[in-house]
Every structure is written in C-alpha cells, then in structure tokens.
Amino acid sequence: MLQAITRNKAEKFLKQNGTRIPREDLMTDVVFGGLRYFEPDQGGLALHWLIPDVVELGSLLQEVRLWPRRNRVEPDVVIDLIVPNGQRRRLIVECKWLDFMLTAEQLEEQWSQFGPGAPDVEGDVHHVLIVQRKMRVEPEAFISAQPEVRAVRTLLLWRELAAAANGRLHSQGSLPLNRWISDVVRVVDAADERAFSGWRALPDVEVCPNNHFVFDSQFWNVPDLAIEIEPYFAQDEWKQ
C-alpha cells in the first residue's frame, strides 16, 4: 500500500471527484501499522523520530494495537513501550482528518478505558492527538481536563509528524527502517500535508513591535481575527 500511494497507483482511493480525501483509518495504519514489523529497538526509534517530545531516544517498542475496543470505546492506536529508564509507558493515539471534531467526551472515555487505572496499564500514560486542523479541537478537550492530564496531552498536526521524521538522524536506524519512514513521509505528502523543510525564500514581511504578526494559512486566513489566550494555554502545558 505504501508503494502504491507513493507511486501514484492509488489515486482512486485517495481522490473523489478530483479532490483528495485521505481516509482517516488509512493514514493511521500508514503511520503506525508498520511499527508492528520492526524489532523493539527499531520500533522505539521510529516513534522517537515521529514524536520526539513524547518518546525518548533509546525507547523499546513492546506492542502496537490498532483500533482496540473496550466497553464500546475505541481509540485509533494504543502503544506500549519501555523508556530508557526502564519504566513502561503507554501512548493513547487519536487521529482526526478534515473537519471531524476532536471532542472532550471522546478523550475522557479513552482515558478512562485505556489510561491510568486500566487493568493492563503499567507506568505512565500519554495522550497523543493528531489532527489536520488544530481549530477542529474542542477547547474543552484541554480546559476540562485535570492538570495532570493536560500535562500529558500532546496535540500535533500530521505534517508535524512528517517534519519530525524528515529531520531524523538517518545513521541511528537501519536501512529498512529509514526506507519505511521515508515512505510514510511521502504518503503524508501525497495527502497534501507536506512537511515543512525550510523557506524557499525569506518571507517578505515586516514585523513591528506590539503589532500582531499573522502567517497566511490555508486553514485560518482571517488576519483581523484575534483570540485572547488565557494563562492555562501556556506553551509548557499544551504541547503544540
């Protein structure tokens, strides 16, 4: 499937009426499904390449479960690993594409069924939320959570995963792992979520003190729109 997409052999699967509509479950499998085929050290390294703020270098992958179901609650991925200090860690991963809303209720249910207190959990738990548009996340998904839960929720864009993987140190991993992660990045690129790899030219903008600076964005293109950010949205709490 990876090669079919990267070589433009799966256009009908990715397009409808000429418009790209990547399948959410397909993207989840593309990014996380292949981890099941690597040895623990290489699988842990792949996760470090993709989510370096959550998975430390030297982690060992133990298990990857796609769409596990418990009491009618089904996160996209549950990953168990061992971090360098020998402690166990679980990642609960929820993926969204296009305009599907990420809700506080969904995250609370996942945390209840697969997070701390679940019968098969040892060690700490992190909730990784991967979306195409950060504006499609309910504010309550952060505001209503307890501080200790907010501290382990990480919000990422698909393109940020690809960008992190693009910046990897190739020599750390095996040739098969490097080939696989390169294919993953190409698939994300094919879904029109190209990883940022640097400016082609310096942007022609003037930044003035005490004035708002707005990047033009395909997702939010309203320069005169302003949002007041409360203290609980501090960068060290809500990882973006």
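**Sheet and helix packing in the predicted model**

Strands E3 and E4 (residues 77–82) run antiparallel and are joined by six bridges. Strands are taken to pair if DSSP finds at least two bridges between them. The model is predicted, and local features need pLDDT of at least 70, side-chain atom pairs count only at pLDDT 80 or more, and totals for chains, interfaces and linings use all residues. Residues are numbered from 1 along each chain as its sequence is written, and side-chain values use heavy atoms, with hydrogens and water left out.

The chain contains nine helices and seven strands. Of its 240 residues, 43% count as buried, where buried means under 20% relative accessible area, exposed over 50% and partly exposed in between (1.4 Å probe, protein chains only). Contact denotes heavy atoms within 4.5 Å. Among contacts between residues at least 6 apart in sequence, 64% join residues at least 24 apart.

An open sheet of mixed pairing is formed by five strands in the order E3-E4-E5-E6-E7. Its edge strands are E3 (60–66) and E7, each of which pairs on one side only. From one strand to the next the twist averages 20°.

H4 lies across E3 and E4 and runs at about 70° to E3, whereas H8 lies across E5, E6 and E7 and runs at about 85° to E7. Axes are lines fitted to C-alpha atoms, for helices over the stretch in contact, and angles run from 0 to 180 degrees between N-to-C directions.

The buried residues of H8 include Trp158, Leu161, Ala162 and Ala165. Viewed down the axis of H8, the buried residues fall within an arc of 95°, so they line one face of the helix; the arc is that of the directions from the helix axis to the C-beta atoms. These buried residues pack against helices H3 (24–32), H4 (40–50) and H9 (175–190), and against strands E5 (88–95), E6 and E7. Alanine 164 also belongs to H8 (residues 158–166), but at 22% relative accessibility this residue counts as partly exposed. Beyond its neighbours within four places in sequence, alanine 164 is in contact with Trp49, Leu50 and Pro52. The C-alpha atoms of alanine 164 and aspartate 53 are 10.0 Å apart, although 111 residues separate the two along the chain.

H9 packs with both H8 and H3. The axes of H8 and H9 are 10 Å apart at an angle of about 145°, and the crossing of these helices is left-handed. A crossing is left-handed if the near helix is turned anticlockwise from the far one by less than a right angle, and right-handed if clockwise. Trp158, Ala162, Ala165 and Asn166 of H8 meet Ile181, Val185 and Val188 of H9.

H3 and H9 pack at an angle of about 155°, with axes 9 Å apart. H3 is therefore roughly antiparallel to H9, angles under 35 degrees counting as roughly parallel, over 145 as roughly antiparallel, 65 to 115 as roughly perpendicular and the rest as oblique. The crossing of H3 past H9 is left-handed. Met27, Val30 and Val31 of H3 make the contact with Trp180, Val184, Val187 and Val188 of H9.

Conventions
Helices (H or I, at least four residues) and strands (E, at least two) are DSSP runs, numbered from the N terminus.
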